[in-house]
Amino acid sequence: MSSHKRENAYETVPQLLARNVHQFGNNPAYRLKELGIWQSWTWAESAAEIDSMALGLVDLGLEVGDHVAIIGRNHPVLYWAMVAVQCAGGVPVPLYKDSGSEEMAFVLEHCDARFAFAEDQEQVDKIMEVAEQLPKLESLVFVDPRGLRKYGREKLRHYQDLQAAGRHARDTAAAVLEERLQAQCADTTAVMLYTSGTTGRPKGVVLSNRNVVQASKLSAEFDSLRHDDSVLAYLPMAWVGDFVFSIGQAYYTGFCVNCPESADTMQADLREIGPSYFFAPPRYFEGLLTSVQIRMEDASRLKKWLFKSAMAHARAVGPDLLDGKPVGAWDRLKYALCDYLVIGPLKNTLGMSRVRLGYTAGEAIGPDIFDFYRALGINLKQLYGQTEATVFITIQPDGEVRADTVGVPAPEVEIRIDDKDEVHYRSPGTFIEYFKNPESTASTKDPEGWVATGDAGFIEEDTGHLRIIDRAKDVGKTATGDMFAPKFVENKIKFYPDILEAVVFGADRDRCTAFINIDLTAVGNWAERNNVAYASYQELAGHPRVAEIISSHIETVNRSLAEDEMLSGCQIHRFLILHKELDPDDGEITRTRKVRRRVVEERYADLLDALYNGSENVHVETEVTYEDGRKGSISADIQLHDAVIADRVRTVESAA
Amino acid sequence: MSESQLAAADTTPDGRPLGGTLMEMKNITLRFGGVVAIKDISFDIREGEIRAIIGPNGAGKSSMLNVINGFYHPQEGEIWYRGARRKAMKPYQIAKLGIARTFQNIALFKGMSTLDNIMTGRFTHMNASLFSQILWHGKAAREENENREKVERIIDFLEIQSIRKTPVGRLPYGLQKRVELGRALVAEPSLLLLDEPMAGMNVEEKEDMSRFILDVNEEFGTTIALIEHDMGVVMDISDRVVVLDYGRKIGDGTPDEVRGNQAVIDAYLGVPHDD
């Protein structure tokens, strides 16, 4: 590299793009599977696409500081759009593509969006539906023209037409664009991301270029990411993680971002790409493990035996091998054999043969699930973060990976725990503000830059690792004075593959109860193997034999809770299996799949009452919202079940 | 008769202008021995429209489709296609004329993948010699690449990328129907015949299929003639509807006109017949 600029000269994402064109011009920057073939774009080609898009936006009248909504699945054109908006001086605002019209209307109005990029007809339709509420919205740019032929073209244009207009207007627009690029620095806004929030309306988190570039730089250096790494971009573009991994870190290190053909082909595309750096929420790893287990159930005896013995050995020595701990020569040899026969092919099937670094975050992951992947030799780690921190708060260093902690403070992050056990942090990634919401900003971030996470946790004294207990506001006391930490208990319950979701109640009540959502894939497979006939989710959920299984899981959870002196009061006394899956369209969980406790409590108030008044069964009528926003209702008779309570192991009475 | 006047209306219910006549059936009568399946039926199909053929069980709908398709040869009557009278032809000759169809009971190669099944729909576009195909050289290679691209565009259009390599026998019913539609579409037909495209589907699958039919019509400008039992679907997506009962035509017009037609109402509600 002859003209190597100083690293800190690159303060913004567009500047990093320019550097990548210079350094890695002919390396692939984006790949997209289309018409069954992986198409790729180099950094130089991507920069050219972004440039004409940015010119087009200037030509369209984009002003400095304008918000531009980006709605759709992970697609190179939409990633270019994000960076093009930044180049042209605007602020990209990615939205969840599965949000309904009303949700979109709120965000589009709140950020005064004048322009929006929408992937296809579905997204365009959703915006059109609420166009009357959005007088400021001037025009829409779409990626996929299918079905849009008959739509008027006054407000609507194809992205290539935008680019053509941009190239056409180069004489006048190029100077403006250059001027705007020059004016950008670390302090200009890079992006605004709306947090789904488990309570209330979404809030727009404003992140500066410093936040994004510094957080990406520090984390990339921490895990020594390289320009020849590759990722599969399949998580929602509106989520801060995708922004940091697929734009921040990708631009900082210059690695390639691969976009799957469609949401349904993700698993197959993962296998084809074989990424070296992979991120997924715990739910994904759980689902994958469940599918492996289901397929092994159907396998021949010999294969079952092979899998079982290989996994037993892998679980014993795999994690130690990963951590570089001493392992005997004989065990190494056996592991190599297991790797050749079982583990290698399995990793290949899962698309994880080349994963050098895997992360999971967002929720606690079951120790069994976590160990399974580490046993396979996949360096799966945990991190803890949030949008307001530009992801990184704590992170697990290689060799210190555990299922029950979220790691040590990430580079240049300071952490303190206040007297109410709430975790606070201060970091280069700390957000600027909540857009148009100074009250929330003030209540979350103090003048010295410390941010309250809203999570309760503690730092382990001997290791310095942070452990998260629960959402601070959810931690409470039961009426009998015991500590109540719902999420902790829910995670224990959810570790069973049969259970998709659990919501535990008990604050200020004399005992704890739970709503359970069964996992249709796992329970459905069990039903198939045991000749249990069912026609719908609802029917399967209400099956008495399913209740027996869940009941035995709850009993085991109760026994393990009884051993914990702090949480023995959280044992589940009664539970019921919900007749429908908790759904973001009904507002019961967020788009990132976190339970909205209040909403669930209100929607199912009658069920909750029934759990506490001792009734045997209860009839409910529930309103549901379909994907297209229409409403319907389902009714069901729900059985309530008593669970077996374990004796408390009271060792030292004074401990709590 | 008022029906023929209605049939001559020059716009669709949503105001699109109708094209010229693509196919015209003149006084078609079809007999199987002594049984008269179709009796003196005349109607036309115009370019760019979605034309539905409806009627109670045994009304002669499938027979009519088979006549259009060239599978049955009517004893009486004439079929005019693109302004010329059509002689009796073999089905593959009809396919070369640009008429493709799907079947009521799915007719796919169960052991073959989705991709291969749809690829078979391109057979009318494969002209390379056997020799060239064996050597995989020149024309054969070029043709296969072109055909594969067409097939991939249809796979993308029907959103079935995830089952590209899955044997169709393993697919649920609704998806098999979609694959069958795909195979008909890659032939790039000017007239697409759909035999009960929604039969046996649940509400969601029906909605998907309706959307695909409308998209095919709009995107590719394909003229579509379909038989369907589900009245809601027919009334929603068709431009014009012809109603058969006991092998005779009892109504013809826009969905609204047909809905108000007393003969049609009687046929569906089961008023006793005079003959």
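Modeller: Helix H5 (residues 121-129) of chain A contributes the most to the negative patch, with three residues. Helices here are DSSP runs (H or I, at least four residues) and strands are runs of E of at least two, numbered from the N terminus. This is a predicted model, in which local features need pLDDT of at least 70, side-chain atom pairs count only at pLDDT 80 or more, and totals for chains, interfaces and linings use all residues. Residues are numbered from 1 along each chain as its sequence is written, chains are lettered from A and ligands numbered from 1 in the order in which they are written, and side-chain values use heavy atoms, without hydrogens and water.

The negative surface patch consists of A:Glu102, A:Glu122, A:Asp125, A:Glu129, A:Glu627 and B:Glu204. Patch residues have over 30% relative accessible area and no salt bridge, with like charges joined within 9 Å and nonpolar side chains (Val, Leu, Ile, Met, Phe, Trp, Tyr) within 5 Å. A salt bridge is a side-chain nitrogen of Lys or Arg within 4 Å of a carboxyl oxygen of Asp or Glu. A:Glu129 sits in helix H5 of chain A and is exposed, at a relative accessible area of 59%. Exposed means over 50%, buried under 20%, and partly exposed in between (1.4 Å probe, protein chains only).

B:Glu228, in the loop between strand S8 (223-227) and helix H9 (231-237) of chain B, is buried and has no salt bridge. B:Lys206, the nearest side chain of opposite charge, is 6.0 Å away. A polar atom of the B:Glu228 side chain lies 3.0 Å from the backbone nitrogen of B:Met198.

How values were computed
Accessible areas come from the Shrake-Rupley method with a 1.4 Å probe; for residues, only the protein chains shown count as cover. Lys and Arg count as positive and Asp and Glu as negative; His and the chain ends are not counted. The place of a charge is taken as NZ of Lys, CZ of Arg, CG of Asp or CD of Glu. A polar contact is a pair of N or O atoms within 3.5 Å; within protein, one must be able to donate a hydrogen and the other to accept it, and residues adjacent in sequence count only if both atoms are side-chain atoms.
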